[in-house]
Amino acid sequence: MGFRSILAKPFAAYVVQNRQKWEKRAVETQLALMKSLVADASHTLFGKDHRFGEITDYQSFKEAIPVQDYENLKPYIEKVVAGESDILWKNKPLYFAKTSGTTSGVKYIPISKESIGFHINGARDALLSYVHETSNSQFLDKNLIFLSGSPEMIQKNGVFTGRLSGIVNHHVPGYLRSNQMPSYETNCIEDWETKLDKIIDETIEKPMSLISGIPPWVQMYFDRIQARTGKKIKDVFPEFSLFVYGGVNFEPYRAKLFESIGKQIDSIETYPASEGFIAYQDSQNAEGLLLLLNSGVFYEFIPVEDYFKENPRRLHIGEVQLGVNYAVVMNTNAGLWGYSIGDTVKFVSLNPYRIIVSGRIKHFISAFGEHVIGEEVEKAMQFAVQRHPEVELVEFTVAPQVTPPEGGLPYHEWLIEFSKEPNNLNAFAKDINEKLAQLNVYYDDLMTGNILQPLKIRVLPKNAFIDYMKSQGKLGGQNKVPRLSNDRNIADKI
């Protein structure tokens with residue numbers, strides 16, 4: 001064993017011990033953090049505008065701070081981007097994480113000197129929790145690859161600006177830098193396909209033990225390695241033992257990824273966001289991701305059915321229940337207040353607080369009143385793939401077909417790219433449809449009432465989604481295709 005794997009075990013024990021302290025006092029930890037964040041930002045422009053000095057408890061917090069999205073906060077963020085200090089958080093941000101929004105164009109998410117450590121430590125602690133639980137630390141002595149965006153940054157009025165994954169890349173601990181792949185120069189290549197070929201050149205002869213990235217882009221990496229070598233990934237990288245992923249539901253990609261690998265290996269799911277590192281899988285034996293309640297973010301949760309009401313219910317961690325779909329609201333030590341990130345989650349454990357990501361609050365289909373959400377379409381697809389084990393799925397998205405060109409009742413169109421198609425496509429579609437009807441009673445009622453006909457599948461050619469993402473300038477990195485939409489903008493372009 002090398003020095004990394006030896007030292008990792010006592011460090012992992014220390015990290016887990018500290019984590020368990022706040023796990024046992026989760027509600028108190030969050031409410032104390034709320035007061036601390038308010039006190040630290042009371043002198044800022046936002047704090048003065050929203051009477052932070054009068055906030056004494058959660059009720060007065062809710063009365064002072066509205067739930068808002070980027071557009072609502074944009075007047076303040078524009079002042080921060082312009083170089084002003086003490087606007088949303090004390091001083092200036094350390095970084096801006098630059099992201100693309102569907103309605104707001106480019107977004108600049110502030111990362112402060114107080115928050116950057118939590119972005120780094122979330123990923124670190126996910127690995128250390130795995131080491132502590134499994135005693136497997138040897139992977140740290142081999143090569144590790146993080147498929148991410150470019151680490152190159154520009155300055156906007158003195159603040160370094162770039163992709164979150166690129167910003168984080170600058171803070172990889174020194175003890176991992178010597179075995180981190182790809183090289184900095186390769187990571188800076190903007191064109192994803194050029195970058196991917198160069199990554200393969202650099203890694204194909206290395207003892208890769210950990211591979212991390214968003215599943216569809218990791219699959220693309222695997223596909224190109226197999227095309228070049230004719231071998232399974234396990235034969236190219238015999239030391240490969242741990243897959244770390246986040247950003248999308250893994251289940252639709254699981255079968256094809258592991259078929260490409262050629263063996264089962266352990267995996268760790270993470271939930272990073274530009275606004276903060278939200279959760280990670282802390283156990284190989286428990287469902288869900290541990291919500292990080294001591295990481296500079298005070299969380300609020302809005303039941304999805306209330307979200308679009310004028311005064312939706314807002315709950316702190318001590319008020320949530322199992323199995324309810326909640327929209328996530330964040331208040332951060334980088335100056336985001338009442339910030340709705342657009343994700344929805346469900347709690348699968350309250351001791352400790354573990355979640356699953358169930359979808360996006362604005363990603364749904366309700367063209368006919370059915371309000372089908374991402375979690376439901378992914379569960380329906382997972383059910384059908386399990387019923388048809390020959391199927392290998394590449395990617396899919398769902399959209400309503402309100403006025404079918406062929407006439408007849410409207411329907412949901414499932415645009416699917418397979419690497420191996422089902423032997424019986426009609427039976428596959430029927431299984432998806434029946435499962436979706438079980439999961440969503442409104443969808444079932446619409447078919448029973450002859451408002452909708454059963455879903456239809458459009459099989460897409462190879463690389464359809466890659467070509468679409470390329471056409472949008474979003475190939476690779478942290479980008480992903482929305483699982484479903486309430487219109488046909490994406491479907492028609494694909």
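Is Asp 343 buried or exposed? Hold that thought; the tour gets there after a look at the whole chain.

**Before you click**

You're looking at a predicted model, where local features need pLDDT of at least 70 and side-chain atom pairs count only at pLDDT 80 or more, while totals for chains, interfaces and linings use all residues. Residues are numbered from 1 along each chain as its sequence is written, and side-chain values use heavy atoms, with hydrogens and water left out.

**Stop 1: the whole chain**

Zoom out. The C-alpha atoms fill a box of roughly 65 × 60 × 45 Å along the principal axes. For 494 residues, a compact globule would have a radius of gyration near 23 Å, and this chain agrees at 23 Å. (That radius is taken over C-alpha atoms; the globule rule is 2.2 Å times the number of residues to the power 0.38.) Of the 494 residues, 55% are buried. Here buried means under 20% relative accessible area, exposed means over 50%, and partly exposed is in between, with a 1.4 Å probe and protein chains only.

Switch to cartoon and you have 18 helices and 20 strands. Both are DSSP runs numbered from the N terminus: helices are H or I with at least four residues, strands are E with at least two.

**Stop 2: the open sheet**

Next, color the strands. An open sheet of 11 strands runs in the order E6-E3-E7-E8-E9-E10-E11-E15-E14-E13-E12, with mixed pairing. Its edges are E6 (180–181) and E12 (297–303), each pairing on one side only. Two strands count as paired if DSSP finds at least two bridges between them. Strands of a sheet pair through backbone hydrogen bonds, either parallel or antiparallel.

For a close-up, select 276–280 (E10) and 289–291 (E11): they pair in the antiparallel sense over two bridges. Ala 279 has Leu 291 of E11 as its bridge partner.

Now select 291–350. UniProt, in an unreviewed entry, places "domain: GH3 middle" there; its positions follow the numbering used here, feature names are shortened, and annotations may be inferred rather than shown by experiment. This span is 0% helix and 45% strand, and its end C-alpha atoms lie 10 Å apart.

**Stop 3: salt bridges**

Show side chains. The whole structure has 31 salt bridges, each a side-chain nitrogen of Lys or Arg within 4 Å of a carboxyl oxygen of Asp or Glu.

Back to the opening residue: select Asp 343 and Arg 360, which form a salt bridge with the closest N and O atoms 2.6 Å apart. Arg 360 lies in E15 (353–360) and Asp 343 in E14 (339–350), so the pair ties together parts that are 17 residues apart in sequence. Asp 343 is buried, at 12% relative accessible area, whereas Arg 360 is partly exposed at 36%.

While you're at it, pick Arg 19, Glu 23, Asp 282 and Arg 354: salt bridges that share partners join them into one network.

Then try Arg 224 with Asp 197, a salt bridge at 3.2 Å, N to O. Arg 224 is in helix H11 (215–229) and Asp 197 in helix H10 (192–203), 27 residues apart. Arg 224 is partly exposed at 23% relative accessibility, and Asp 197 is partly exposed at 32%.

Lys 232 and Glu 259 also meet in a salt bridge, at 2.4 Å, N to O. Lys 232 sits in the loop between H11 and helix H12 (233–236), and Glu 259 in helix H13 (251–261).

**Stop 4**

Most residues other than glycine have a negative phi, and most peptide bonds are trans. Here are some exceptions to select.

- Met 181 and Pro 182: a cis peptide bond joins them, omega about -5°. Pro 182 is in the loop between E6 and helix H9 (184–187).
- Asn 351 to Pro 352: this peptide bond is cis too, omega near 0°. Look for Pro 352 in the loop between E14 and E15.
- Arg 51: phi is positive, about 55°. Find Arg 51 in the loop between helices H3 (45–49) and H4 (58–64).
- Ser 135: phi is positive, near 65°. The loop runs between helix H6 (116–134) and strand E3 (143–146), and Ser 135 is partly exposed at 45%.
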